[in-house]
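Work through the exercises below with the sequence and the structure open. Each task is followed by a solution in steps.

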Amino acid sequence: MEKRTILITGAGRGIGYAIATKLAEQNYNLVLVDINADDLENAVKTLPGDGKFIPFTCDVSDYSQVETVVAKAIEEMGPIYGLVNNAGITRDGLLLRMKPEDWDLVLRVNLTGTFNFTKLVSANMIRQKIGRIVNIASVIGLTGNAGQANYAASKAGVIALTKSVAKELGGRAVTCNAIAPGFIATDMTDKLPEQVRESMLKSIPLKKFGQSEDIAAVVSFLMSEDAAYITGQTLTVDGGMVT
Ligand SMILES: NC(=O)c1ccc[n+]([C@@H]2O[C@H](COP(=O)([O-])OP(=O)(O)OC[C@H]3O[C@@H](n4cnc5c(N)ncnc54)[C@H](O)[C@@H]3O)[C@@H](O)[C@H]2O)c1
């Protein structure tokens with residue numbers, strides 16, 4: 001079978017890189033997007049398998065950059081079968097101290113970035129009459145969290161966007177699902193104070209932090225034929241934290 005192409009945002013490191021690694025092992029061609037050019041270059045060099053991997057340095061929150069990337073990706077790779085909206089950031093702070101620019105930035109990258117790629121890539125999927133969109137949300141988008149009003153709102157927005165896109169595109173055989181990771185050991189969580197990490201660990205029934213590979217495995221399932229009848233769902237992958 002001809003290799004299918006999947007576009008992954010935030011693919012330079014962390015969960016995005018683990019997703020790229022898993023999908024590369026499974027023989028997909030990959031379009032890798034990240035704001036950090038050095039990490040992207042390193043990712044392309046180190047991915048396994050013999051697929052075609054093309055990197056694009058791009059800020060997901062900038063619609064015109066995303067338009068250029070999607071057009072060039074389709075030109076070079078042909079139709080896009082899968083999209084993983086993974087790029088995301090935190091700018092934590094209690095509400096009363098939260099700077100409006102930190103609110104805006106987190107919403108722009110996490111939510112608007114997901115909208116930008118979903119809108120532009122889904123147009124191509126609709127024409128192919130097949131497609132898989134996977135959005136990386138967070139358990140914080142389900143529960144809320146003190147000190148993360150911006151992040152929680154952005155991820156709740158991603159979950160609502162996922163449900164709406166599933167309803168709009170289901171008739172064209174395009175599925176759209178979200179994954180809500182709990183605490184996954186990456187650069188994003190490394191910067192949390194030890195105290196916070198310890199108290200989080202106590203709230204995880206499986207008594208360990210998740211690994212990026214735990215999320216990559218679920219993305220790979222959602223991209224597979226076995227997941228063809230799942231859409232509009234949010235799969236929580238959190239060691240039992242949120243039930
Ligand atoms: N680590 C966790 O515990 C955890 C938990 C729940 C959800 N998540 C979500 O998983 C996703 C990946 O997180 P991670 O832990 O791997 O974080 P990370 O910080 O290690 O990686 C994020 C990647 O996104 C890229 N990125 C950031 N802003 C970008 C932009 N504007 N345009 C393009 N790329 C950009 C970064 O350069 C980086 O490569 C995020 O959406 C995050 O919110 C993570």
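The exercises treat the sheet, the helices packed on it, the helix pairs and the ligand shell in turn.

The structure is a predicted model, in which local features need pLDDT of at least 70 and side-chain atom pairs count only at pLDDT 80 or more, while totals for chains, interfaces and linings use all residues. Residues are numbered from 1 along each chain as its sequence is written.

**Exercise 1. Give the strand order of the sheet and find its edges.**

Step 1. Take helices (H or I, at least four residues) and strands (E, at least two) as DSSP runs, numbered from the N terminus. Two strands pair if DSSP finds at least two bridges between them.

Step 2. The pairing gives an open sheet of 7 strands in the order β3-β2-β1-β4-β5-β6-β7, and it is parallel.

Step 3. β3 (53-57) and β7 (234-237) each have a single partner strand, so one side of each has no neighbour in the sheet.

Step 4. From one strand to the next, the twist averages 15°. Axes here are lines fitted to C-alpha atoms, for helices over the stretch in contact, and angles run from 0 to 180 degrees between N-to-C directions.

Step 5. Pro181 is opposite Val237 of β7.

**Exercise 2. Which strands do α2 and α9 lie across?**

Step 1. Count two residues as in contact if their C-beta atoms, placed from the backbone, lie within 7 Å.

Step 2. Helix α2 (residues 37-46) lies across β2 (29-34) and β3, and runs at about 180° to β3.

Step 3. α9 lies across β1 (5-9), β4 (82-85), β5 (131-136), β6 and β7, and its direction is at about 165° to β6.

**Exercise 3. Classify how α4 crosses α6 and how α3 crosses α4.**

Step 1. Angles under 35 degrees count as roughly parallel, over 145 as roughly antiparallel, 65 to 115 as roughly perpendicular and the rest as oblique.

Step 2. The axes of helix α4 (residues 100-128) and helix α6 (residues 149-169) come within 9 Å and cross at roughly 15°. The two helices are therefore roughly parallel.

Step 3. Among the residues in this contact are Trp103, Leu107, Leu111 and Phe115 from α4, with Tyr151, Val158, Leu161 and Val165 from α6.

Step 4. For helix α3 (residues 63-77) and α4, the axes come within 9 Å and cross at roughly 30°. This makes α3 roughly parallel to α4.

Step 5. Tyr63, Val66, Glu67, Val70 and Ile74 of α3 meet Asn116, Phe117, Leu120, Val121 and Asn124 of α4.

**Exercise 4. Classify how α1 crosses α9, and sort the contact residues.**

Step 1. The axes of α1 and helix α9 (residues 212-223) come within 8 Å and cross at roughly 50°. They are therefore oblique to each other.

Step 2. From α1 the contact includes Gly14, Ile15, Ala18 and Ile19, and from α9 it includes Ile215, Ala216, Val219 and Met223.

Step 3. Count Ala, Val, Leu, Ile, Met, Phe, Trp, Tyr, Cys and Pro as nonpolar, Asp, Glu, Lys and Arg as charged, and the others, Gly among them, as polar. The contact then has 9 nonpolar, 4 polar and 2 charged residues.

**Exercise 5. How many residues surround the ligand, and which elements give two or more of them?**

Step 1. Count a residue as near a molecule if its C-beta atom, placed from the backbone, lies within 6 Å of it.

Step 2. The shell holds 28 residues, and the closest are Gly10, Gly14, Gly88, Thr186 and Met188.

Step 3. α1 (14-25) and α7 (187-190) are the elements giving two or more residues.

Step 4. By class, the shell has 11 nonpolar, 12 polar and 5 charged residues.
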